[in-house]
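The stops below are given in the order in which they may be selected.

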Amino acid sequence: MSTAAKQRQRDAGPCMGDGVRRYTIRRLAGGRTRKICGHARAFSLVEVVLALGIFAFVLVALAGLLGIGLQTSRDSEDQIQAANLASLLISTRTASPTHSITNFAIPAAAMTNLYGDVYLGAASYVGFDGKLTNAPNAAYQITCRAGTNTATGSRMTQVYLMLSWPAQLNPADGNAKRYELLTYIPLR
């Protein structure tokens, strides 16, 4: 075989699949170059569409989780705020169980009475400061039962407290959120 024929066979080798030469030139040591056969590499349209579909599915799933995470965070913040107010109410009444504080959510008279509903079934509202208020200015709707009973005796008061929000909803409503606390306060 002649040298020219060998050259044509090398040129028509795997780099000539569809009649178009595909090769890259690489520089070797000493400044020489060499042609290396290479195949054109690309993604097909089907592969690109499939990858975009998977990406969109994952993106939608992550967006859904983000909304759930934000709602859970808000609910947790509301629950902590209600727990803090309940703690304020109980600690204030524990510090002075029989001292009267104007418009305080747990009245002093309820501490020494027989255990029962403090507000006699009427809807009562409390602000963030622990004082009774009207519905438009309320942070929570409050239900309170307090007093002595045969189990606690006359030296201990049982206090049940329920804060529900939004304040304008009935606590029995499925959409209302609530925080409940049952504790005992010694009388001095």
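This is a predicted model, in which local features need pLDDT of at least 70, side-chain atom pairs count only at pLDDT 80 or more, and totals for chains, interfaces and linings use all residues. Residues are numbered from 1 along each chain as its sequence is written, and side-chain values use heavy atoms, with hydrogens and water left out.

**Stop 1: the aromatic rings**

Select F128, which is exposed at 53% relative accessibility; exposed means over 50% relative accessible area, buried under 20% and partly exposed in between, with a 1.4 Å probe and protein chains only.

A pair of aromatic rings is described by the distance of the centres and the angle of the planes. Rings of Phe, Tyr and Trp (its six-membered ring) pair if their centres lie within 6.5 Å; planes under 30 degrees apart count as stacked, over 60 as edge-to-face and the rest as tilted. A search of the whole structure finds 2 such pairs. In one of them, the ring centres of F128 and Y140 are 5.9 Å apart and the planes stand at 80°, so this pair is edge-to-face. F128 sits in the loop between β4 (124–126) and β5 (132–133), and Y140, 12 residues apart from it, is in strand β6 (residues 140–147). Helices (H or I, at least four residues) and strands (E, at least two) are DSSP runs, numbered from the N terminus.

W165 belongs to strand β7 (residues 156–165), so its pairing with Y140 in β6 ties together parts 25 residues apart in sequence. Both Y140 and W165 are buried. F128, Y140 and W165 form one aromatic cluster.

**Stop 2**

Select P166, in the loop between β7 and β8 (177–186). The peptide bond joining W165 and P166 is cis, with omega about -10°.

**Stop 3: V126**

Move to V126 in strand β4, which is buried at 0% relative accessibility. Its contacts (heavy atoms within 4.5 Å) beyond four places in sequence include L85, A105, L163 and Y140. The C-alpha atoms of V126 and A139, 13 residues apart along the chain, are separated by 6.1 Å.

**Stop 4: N103**

Finally, select N103 in the loop between α2 (45–95) and α3 (108–112). N103 is not a glycine, yet has a positive phi of about 60°. N103 is partly exposed, at 48%.
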